[in-house]
Amino acid sequence: MEKLVISIPEPVSYIINKLNRAGYEAYAVGGCVRDSILGRTPQDWDVTTSALPAQVKEIFHKTIDTGIKHGTVTVLLFEGGFEVTTYRIDGIYEDSRHPSEVTFTSNLREDLRRRDFTINAMAYHPDEGLIDPFNGMDDLKEKVIRAVGVPDERFEEDALRIMRALRFSAQLGFAIDPETLLSVKKFAQSLRLISRERIRDELLKLISSPYPETFRLAYETGITAVILPQFDVLMNTPQNNPHHIYNVGDHTLSVMENIPADKKLRLAALLHDMGKPETRSTDENGVDHFLDHHIKGAEFAENWMREMRFDNNMIKDVSTLILYHDFLFSKDESGVRHAINKVGSLFPDLLLLLRADTLAKSADYTERRMKKIDHIEDLYLKIKERGDCTDIKHLAVTGADLIAAGVKPGPEMGRILEEMLEEVLCDPAANTKEYLLGRL
Ligand code: ATP
Ligand code: MG
């Protein structure tokens with residue numbers, strides 16, 4: 001068999017070398033080995049070693065105690081920081097969450113055995129080649145996510161691995177081995193014990209992957225029932241409306257597939273119709289309507305994202321996109337300027353959401369509506385090119401001008417500026433100091 005060769009970055013082989021010369025074992029390990037074999041660019045390079053943290057710190061000049069309790073030291077080189085972790089066996093897990101203790105070991109195989117999936121449990125050394133005691137290479141070739149050892153035990157130890165299984169499946173386009181998948185289902189409930197931040201991070205990686213439709217597995221395995229139960233409601237909300245061809249859940253998955261793989265956009269897609277179940281009403285012809293579902297949806301997104309500890313900017317952007325995803329633009333320039341005023345720099349993202357949403361509906365509706373969106377985009381580009389004023393900051397009149405013209409500072413002033421802006425949004429030619437002050 002031909003020997004597998006991975007090209008290791010200079011600083012990583014320097015670290016391995018230096019540890020070896022001091023008498024310790026050292027290997028590149030985990031995600032970087034997996035990604036190198038797959039021809040993907042590794043996010044970061046991790047080194048695993050038989051040296052204890054104190055010994056690692058003796059060997060390298062500059063280090064940071066990143067996770068010293070768990071054996072991780074960051075070695076600082078000119079090129080950046082690299083995590084070096086001592087071989088370890090994770091001790092008893094408390095509550096499917098954290099190992100209550102870790103034990104260091106001098107055996108690489110023990111260290112590989114504590115890792116989550118076979119494809120993540122390979123190590124590589126420039127001279128020795130690949131160390132693969134759990135046949136990760138076979139699973140890479142067969143495109144399978146398989147737990148190391150007995151799946152039930154591994155998910156019971158750490159329930160976050162449930163999310164990680166789906167996340168890697170979505171990122172790599174791999175299937176989850178049936179036995180591992182069965183175990184995911186069995187332990188989905190124990191995700192309740194995992195911190196929201198950790199779930200959030202894995203969820204974001206899952207949905208902003210090349211295969212966001214893998215999210216369906218989160219529903220089928222009972223994960224959404226724990227982390228986003230409203231998605232289960234969407235899956236059971238039909239939309240009997242000639243524009244629609246799916247239930248709200250399937251439609252949502254389709255919108256995620258249709259939108260670029262960006263965190264903000266994929267989140268907006270995932271959450272955009274969460275307000276539908278609560279706003280559904282069926283008319284006398286049996287047709288479903290969802291009046292003002294965007295308002296309910298934006299509200300839902302805001303609350304859920306806050307619970308999941310998303311940062312404030314993300315919460316604001318995503319809920320704004322959702323609030324306007326059903327915004328009926330009047331198809332003239334004035335209408336588009338008003339919309340730009342509302343969503344600001346998110347307007348191009350809103351167009352992407354509108355397109356993705358439209359593509360996930362019935363074909364004849366899609367064609368008509370896509371033409372409308374094209375038209376709105378043309379208007380948007382024209383407005384941007386001309387530099388029409390679309391917000392109060394670019395109004396030709398400022399608060400200071402109003403004061404100089406004799407208006408008393410206070411809420412009245414704000415109201416006047418709003419009225420001036422309204423006029424300018426309708427007609428950009430009105431944005432001159434002479435004209436606007438003349439209107440006072
Ligand atoms: P990414 O490319 O997203 O960084 P990764 O595989 O490197 O993927 P990390 O979260 O950076 O994932 O973890 C590095 C390695 O540590 C994994 O490849 C795996 O071997 C191990 N690992 C990480 N989290 C767990 C876990 N919860 N249980 C077991 N092993 C884990
Ligand atoms: Mg990593």
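In the predicted model, ligand 1 is surrounded by 16 residues, the closest being Arg 34, Asn 120, Asp 158, Arg 161 and Arg 167. Arg 161 also takes part in a polar contact, in which an N or O atom of its side chain lies 2.7 Å from a nitrogen atom of ligand 1. An oxygen atom of ligand 1 is found 3.1 Å from a polar side-chain atom of Arg 115. For Asp 116, the contact involves the backbone, with an N or O atom placed 3.1 Å from a nitrogen atom of the ligand. The protein buries 81% of the 590 Å² that ligand 1 exposes when taken alone.

Two packed helices are described by the angle between their axes and the distance between the axes. Helix α19 spans residues 347-359 and helix α20 spans residues 363-386; the two pack at an angle of about 170 degrees, and their axes are 9 Å apart. Angles over 145 degrees count as roughly antiparallel, and α19 and α20 are therefore roughly antiparallel to each other. On the α19 side, the contact is formed by Phe 347, Pro 348, Leu 351, Leu 354, Arg 355, Thr 358 and Leu 359. Helix α20 contributes Thr 366, Arg 369, Met 370, Ile 373, Asp 374, Ile 376, Glu 377 and Tyr 380. Sorted by class, the residues in this contact comprise 9 nonpolar, 2 polar and 4 charged.

Note on methods
Residues numbered from 1 in each chain as written. Chains lettered and ligands numbered in written order. Predicted model: local features only at pLDDT ≥ 70, side-chain atom pairs only at ≥ 80, totals over all residues. Heavy atoms only, no water. Axes fitted to C-alpha atoms, helices over the stretch in contact; angles between N-to-C directions. Helix = DSSP H or I, 4+ residues; strand = E, 2+ residues; numbered from the N terminus. Parallel < 35°, antiparallel > 145°, perpendicular 65-115°, else oblique. Contact = heavy atoms within 4.5 Å. Nonpolar A, V, L, I, M, F, W, Y, C, P; charged D, E, K, R; others polar. Near = heavy atom within 4 Å. Polar contact = N/O pair within 3.5 Å; in protein donor to acceptor, adjacent residues only side chain to side chain. Areas by Shrake-Rupley, 256 points an atom, 1.4 Å probe, with all protein chains shown as cover.
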